[in-house]
Amino acid sequence: MIDPHGDRAVYRQLADQLRADIASGEYGPGSAIPSEMTLMQRYGVARNTVRLAMTMLREEGLVVTHHGRGTFVRDSLPIRRIASSRYRQALDAATTGGPLDWAEYRAEASFQEVPATEQIAGLLGVEAGTAVLERRILFFDGSLPQQLSMSYLPLDLVAGTPVAEPRNEPWAGGTVAALASIGVVVTRVDEVVRARMPQPDETRALSVAVGTPMLTITRTMFAGDRAVEAAVDIVVPGDRAELEYRIDLA
């Protein structure tokens, strides 16, 4: 079980054992991990060894520790499927009046007018300093925060329209539907996906466990040749989503 003379550090061996116990279901989602004293006695290891093993498991997002209560296996979270087809479905619904079920979604949105940075200007194809509408939106599915988005729209395109009103979020169909409501039809979407560790404000806003990587999407929407939206950071917890893209070559 634990070999104090092995090549692998003892705390790593203990973490391996507990990780295997979690994977096998011996410790299921939400169940308590045995106390430090119990693990010390069971495996014949020091207190610091147990603490280092727990730190590893927390950083991997497998367990959470509540001070005064103990350490517990993280609950399994539903996986949100994010498919490239969502944009076509949103456009079809916006232009034909078809249904989109967003009943469970809600958003916390804050908008402000700002000058375009070099990055935003480059994505939108405008001069740096051009007025744009900055939108920070935290999306919820039920009570669970699912996505944090920071995006920018040309101010001359949306000023004075319902798209510029944060109280209208979330639009059923997202930005595609919002723009369609003012006669702007999105014809192309470019996305770049990366992975990184979360920033402190993202950890708090999205209620992620320590060590959970983030999927980040940089997105540019076009209506014909004009860029009509630049989202520089659509942030999704990596343990709650899978991205699906279809690439037709025929």
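Trainee: What is Pro213 in contact with, leaving aside its neighbours within four places in sequence?
Mentor: Pro213 is in contact with Arg196, Met197, Pro237 and Gly238, where contact means heavy atoms within 4.5 Å. Keep in mind that this is a predicted model, in which local features need pLDDT of at least 70, side-chain atom pairs count only at pLDDT 80 or more, and totals for chains, interfaces and linings use all residues. Residues are numbered from 1 along each chain as its sequence is written, and side-chain values use heavy atoms, with hydrogens and water left out.

Trainee: OK, and where does Pro213 lie?
Mentor: In the loop between α8 (200–206) and β8. Helices (H or I, at least four residues) and strands (E, at least two) are DSSP runs, numbered from the N terminus. The C-alpha atoms of Pro213 and Glu202 are separated by 11 Å, with the two residues eleven apart along the chain.

Trainee: Which class does Pro213 fall into, buried, partly exposed or exposed?
Mentor: Pro213 has a relative accessible area of 41%, which makes it partly exposed. The cut-offs are under 20% relative accessible area for buried and over 50% for exposed, with partly exposed in between (1.4 Å probe, protein chains only).

Trainee: What about phi of Ser207?
Mentor: Good one to check. Phi of Ser207 is near 55°, a positive value in a residue other than glycine. Ser207 sits in the loop between α8 and β8, and at 48% relative accessibility it counts as partly exposed.

Trainee: Moving on to β8, how many of its residues are buried?
Mentor: Eight of its ten, which leaves β8 mostly covered. Thr220 belongs to this strand, residues 214–223, and its relative accessible area of 7% makes it buried. Apart from neighbours within four places in sequence, Thr220 is in contact with Leu123, Arg188, Val189, Asp190, Ala227 and Glu229.

Trainee: And which strands does β8 join, and how? Start with β7.
Mentor: β7 and β8 run antiparallel and are joined by nine bridges; Val192 has Thr218 in β8 as its bridge partner. Nine bridges also join β8 to β9, again antiparallel, with Ile217 standing opposite Ile234 in β9. Two strands are said to pair if DSSP finds at least two bridges between them.

Trainee: What do β8 and β9 form?
Mentor: They form a hairpin with two residues between the strands, and Gly224 in the turn has a positive phi of about 70°.

Trainee: Zooming out, what is the strand order of the open sheet?
Mentor: The six strands run β4-β5-β6-β9-β8-β7, with antiparallel pairing. β4 (105–115) and β7 (188–196) are the edge strands, each pairing on one side only. From one strand to the next, the twist averages 15°; axes here are lines fitted to C-alpha atoms, for helices over the stretch in contact, and angles run from 0 to 180 degrees between N-to-C directions.

Trainee: How many bridges join β6 to β9?
Mentor: Five, with β6 antiparallel to β9 (residues 226–237).

Trainee: New topic. Which residues of the largest nonpolar core touch the most other members?
Mentor: Val158, Val176, Leu179 and Val228, out of 21 residues in that core. α4 (85–96), β5 (131–141), α6 (155–158) and α7 (174–180) each supply at least two of its residues. A second, separate core of 18 residues includes Ile2, Leu14, Leu57 and Val63. A nonpolar core is a set of buried Ala, Val, Leu, Ile, Met, Phe, Trp, Tyr and Cys residues joined through side-chain atoms within 4.5 Å.

Trainee: Which residues are buried in α3?
Mentor: Thr49, Val50, Ala53, Met54, Met56 and Leu57. They cover an arc of only 155° around the axis, which puts them on the same side of α3; the arc is that of the directions from the helix axis to the C-beta atoms. Their cover includes α1 (10–24), α2 (36–43), β1 (63–66) and β2 (70–73).

Trainee: Last one: which peptide bond is cis?
Mentor: The one from Glu169 to Pro170, with omega near 0°. Pro170 is in the loop between α6 and α7.
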